[in-house]
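Dear colleague,

Please find below the structure I am handing over to you. I would be grateful if you could read the notes that follow beside it.

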Amino acid sequence: LFSIDKSTILTATSLEAWVECPYAYFMRHILAVGTVEDPADEDGMTSLVRGSLMHRILDRFLNESINANDLPYPEVPWSPIHHQRMDQICEEEFTLVESRGLTGRTLLWQRESNQLRQALSKFLLDDDKRRKDNMLTPVASEIPFGLEGVKPLILHLSNERSLRFRGRIDRVDRDTDGSLFVTDFKTGKRRDSSKISENSPTLNGRYLQLPLYGLAARELLGTPNTHLETQYWFLLDGGTSVGHLISDLVLKQY
């Protein structure tokens with residue numbers, strides 16, 4: 001992996017895949033051999049479609065509110081109009097995936113679409129508490145780095161080499177003192193990611209997104225001294241979250 005060309009721009013997930021299984025990384029990312037679809041997904045929506053759907057809905061909702069300067073104060077809940085708008089976006093995006101034949105069997109989709117609506121409604125309520133507790137205001141959604149003409153994140157290694165990364169940061173909030181809070185939305189299960197902490201931020205290289213995306217957000221929206229916190233938000237696993245500061249301790253381990 002570390003013999004790659006200097007111009008190559010990596011993703012956090014590809015590097016995590018290499019740490020998890022170098023052979024699988026070689027097959028997928030070097031030889032471009034795709035994975036076999038799980039037959040269990042044939043009757044319903046695939047995890048890839050589900051994740052893309054939830055990200056589109058949240059991106060539309062957050063960007064509309066940010067661009068329209070229609071954000072509640074940190075201590076103020078999302079309004080009934082905001083909740084209504086979330087429902088409207090859900091309906092539009094659900095109709096789109098239905099028209100493309102991506103939702104699977106009708107009965108399964110009816111159940112899953114209700115679950116997704118409930119998760120997004122819970123998201124707004126959970127976000128009320130999160131914003132109030134930390135005095136947060138959303139400032140950006142789906143921010144690219146290393147894409148669309150935006151410079152990549154360059155990570156300098158101890159051997160005087162460097163790696164370049166690209167990605168999209170799902171959400172960035174700012175608190176009243178200028179600190180940044182970076183969130184990566186997940187539609188899968190927490191599994192062992194619940195074990196990450198400031199003392200063990202990557203679990204031996206298996207969870208690299210938070211430090212990388214946090215540093216990228218700091219470069220784009222802050223200064224080298226901006227206080228930075230990061231978290232995974234598991235939308236479909238109870239709306240729970242797990243994360244840590246991007247501190248000197250984290251960067252030394254990284």
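Predicted model: local features only at pLDDT ≥ 70, side-chain atom pairs only at ≥ 80, totals over all residues.

Helix α3 covers residues 47–67, which makes 21 residues. From its first C-alpha to its last, α3 reaches 30 Å, close to the 30 Å expected at 1.5 Å a residue. Its buried residues are Val49, Arg50, Gly51, Leu53, Met54, Ile57, Leu58, Phe61, Leu62, Ser65 and Ile66. These buried residues pack against two helices, α4 (80–99) and α5 (106–134), and against the strands β2 (136–145), β5 (167–175) and β6 (180–186). Just after α3, Asn69 adopts a positive phi of about 55°.

Within α3, I would draw your attention to Ser65. Ser65 counts as buried because its relative accessibility is 4%, where the cut-off is under 20%. Setting aside residues up to four places away in sequence, Ser65 touches Asp70, Leu71, Trp78 and His82.

The second residue is Arg130, which belongs to helix α5, one of the elements against which the buried residues of α3 pack. Arg130 has a relative accessible area of 11% and is therefore buried as well. When neighbours within four places in sequence are left aside, the contacts of Arg130 are Leu136, Arg171, Asp173, Phe181, Thr183, Gln231 and Trp233.

With kind regards

Methods:
Residues numbered from 1 in each chain as written. Heavy atoms only, no water. Helix = DSSP H or I, 4+ residues; strand = E, 2+ residues; numbered from the N terminus. Expected span 1.5 Å × (residues − 1). Buried < 20%, exposed > 50% of the residue type's maximum accessible area, 1.4 Å probe, protein only. Contact = heavy atoms within 4.5 Å.
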